[in-house]
Amino acid sequence: MSVILSVENLNVSYGSIHAVKGISFDVNEGEIVTLIGANGAGKSTTLNTISGLLRSKNGSVTFMGENLGRVPPHKIVSRGMALVPEGRRVFLQMTVQENLEMGAYTKGSAGIPADLEKVYGQFPRLKERRRQVAGTLSGGEQQMLAMGRALMSHPRLLMLDEPSMGLAPILVEQIFEIIRKLHKAGSTILLVEQNAQMALSIADRGYVLETGKIVTTGPSGELLASPAIKKAYLGG
Amino acid sequence: MTILSNLISGISLGSIYAIIALGYTMVYGIAKMLNFAHGDVIMVGGYLCFCTTSYLGWHPLPAVLLAIVGCTVLGIVVERLAYKPLRSAPSLAVLITAIGVSYFLQNAALLLWGSDPKVFPAFFSFSGQSGVALLGGQLNITYVAMITVTVCLVIMLALTTFTGHTKMGKAMRAVSEDKGAAQLMGIDVNFTISMTFAIGSGLAAIAGVLLCSTYPTLMPTTGSMPGIKAFTAAVFGGIGSTPGALLGGLLLGVIQIFAQAYVSTQLSDAIVFAVLIVVLLVKPTGLLGRQVREKV
């Protein structure tokens, strides 16, 4: 197993708020790694910084051997990572298909039809609604669209930020089932979740964040069994 | 017959407003800023065209093309120097900067070309005629009016196709909705904003030539009133909406000409703005504007 993403001593601030305080972690090829923690622990900030939406104060992000610190934000996706952002952030006034096309923005247009078919195969609901504007989709469908859009760029690393947020339990199950399938098909996944139970149930390893620091790490099974984690994040 | 001829003048003037309003609306949609210097780009376009034809004796066609290229470059440079450094500044700072750029352009024109009005050459007359007379001479349609309306429709169609069917156009729509998400797709947001200014300013040059061909007096302040009117048209139609700019522009032009003809020339501008106020009271997003939900 080779390390594809390595984060070292990452610090991120919003003005005077020091949101991420020197965290370090790795993701290996083929793994699902999850960052769990309460609201405001710095999980989303971490993902946003890796994908270039935010700038770090110091520390480094190395992706497939390349330090991303000097890569312009819009070029990061072409390096092979895609983020499904918190709150989905699909383009509400564009159609489902146009959203997916935007996901393939950095790719040549030749491969797009085949990639569209592949995504439609994974998410049949999106195919039914390909001509609808994304604003008319339900929350679950928008989550699928955001995931499909990210997959259009053929990411080596797929990062998911709170994919279960605001969804009914049955939809959460569905979304996690899809994540599991993507993993089986060979995707490497970095998953950020408040729903620690669900996240640990599919992840290989987990990191627990508290107010911007990693407090515990280990294989998911161990974290699930740990009394301290149970008490703090798993509701008992 | 005078009604019909006024209607035609109104539609022609409205088409010019619509082309200018497009520039306002596109820039607003993408950069979420009101580029109050947009009207002065029209004036620069007019002067560029005037100088090359009157002083250098160019044929109108290359002169218009040069004006378009010149304004496009001007738009890119202004965005780069004045607005880009303020990308994350409060909108009030950007607004004041835009007003500053507007004064800068007007005064630069004053310095370069002086304050005395220039008479813009009549491009659109064929075999000594400036228009065609219909219905036994009762109705006269000028070539300028015909060309203005045609150019406006062509621009509308071209822009609709561009934003709906090209990769760059779709990227623009994505940026206007969510810059962060667009960046995650690999779209270069700064380049896209720059392109929008370029297109808007190129359109302003076309509007400048059409405006000066209809009302052939060219002064450093020539662009400011039509600029404000077109801004009104953009808000009237719903700012951010392309069909809104067309509808708003046409309505504003027709209202203005009718007010001039049937109410009072002095009051016509007041009437135009009164209509805007009424529309905004009844429908705050403009005629075709959509409610923008604030994200939490």
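Residues are numbered from 1 along each chain as its sequence is written, while chains are lettered from A and ligands numbered from 1 in the order in which they are written. Because the model is predicted, local features need pLDDT of at least 70 and side-chain atom pairs count only at pLDDT 80 or more, whereas totals for chains, interfaces and linings use all residues.

**Stop 1: the side of chain B that touches chain A**

Select the contacts between the two chains, where a contact means that the C-beta atoms of two residues, placed from the backbone, lie within 7 Å. Here 15 residues of chain B are in contact with 19 residues of chain A. On chain B, helix 6 (167-177) and helix 7 (179-184) each supply at least two residues of this side. Helix 6 of chain B gives the largest share, 5 residues. Helices (H or I, at least four residues) and strands (E, at least two) are DSSP runs, numbered from the N terminus. By class, the side of chain B that touches chain A has 7 nonpolar, 3 polar and 5 charged residues. In this classification, Ala, Val, Leu, Ile, Met, Phe, Trp, Tyr, Cys and Pro are nonpolar, Asp, Glu, Lys and Arg are charged, and the others, Gly among them, are polar.

**Stop 2: helix 2 of chain A**

Select residues 96-103 of chain A. Of the 8 residues of this helix, 7 are buried, so helix 2 of chain A is largely enclosed by the rest of the structure. A residue is buried if 20 or more other C-beta atoms lie within 10 Å of its own, exposed if 12 or fewer, and partly exposed in between, with C-beta atoms placed from the backbone. The buried residues are V96(A), E98(A), N99(A), L100(A), E101(A), M102(A) and G103(A). They pack against helix 3 (112-122), helix 4 (124-128) and helix 5 (139-151) of chain A, and also against helix 6 of chain B.

**Stop 3**

Go to K118(A), which lies in helix 3 of chain A. K118(A) is partly exposed, with 15 other C-beta atoms within 10 Å.

Next, select H154(A), in the loop between helix 5 and strand 7 (157-161) of chain A. H154(A) is not a glycine, yet has a positive phi of about 50°. It counts as partly exposed, with 16 C-beta neighbours inside 10 Å.

Then move to E162(A), in the loop between strand 7 and helix 6 (169-184) of chain A. E162(A) also has a positive phi of about 50° without being a glycine. This residue is buried, with 23 other C-beta atoms within 10 Å.

**Stop 4: the largest nonpolar core**

A nonpolar core is a set of buried Ala, Val, Leu, Ile, Met, Phe, Trp, Tyr and Cys residues joined through C-beta atoms within 7 Å. The largest one has 149 residues, of which M159(A), A18(B), I19(B), I20(B), A21(B) and A207(B) touch the most other members. Helix 1 (residues 2-31) of chain B gives the most to this core, with 15 residues. Centre the view on M159(A): leaving aside neighbours within four places in sequence, its contacts are L47(A), I50(A), S51(A), M81(A), A82(A), L83(A), V84(A) and L190(A).

**Stop 5: helix pairs of chain B**

Axes are lines fitted to C-alpha atoms, for helices over the stretch in contact, and angles run from 0 to 180 degrees between N-to-C directions. Angles under 35 degrees count as roughly parallel, over 145 as roughly antiparallel, 65 to 115 as roughly perpendicular and the rest as oblique. A crossing is left-handed if the near helix is turned anticlockwise from the far one by less than a right angle, and right-handed if clockwise.

Start with helix 1 and helix 8 (residues 189-214) of chain B, whose axes come within 9 Å and cross at roughly 165°. That makes the two helices roughly antiparallel. Their crossing is left-handed, and the residues of the contact divide into 18 nonpolar, 7 polar and no charged.

Select helix 10 (residues 242-262) and helix 11 (residues 268-282) of chain B next; their axes come within 8 Å and cross at roughly 140°. This pair is therefore oblique, and the crossing is right-handed.

Finish with helix 2 (residues 38-55) and helix 9 (residues 224-237) of chain B, which pack at about 135° with their axes 7 Å apart. H38(B), G39(B), D40(B) and I42(B) of helix 2 meet S224(B), P226(B), G227(B) and I228(B) of helix 9.
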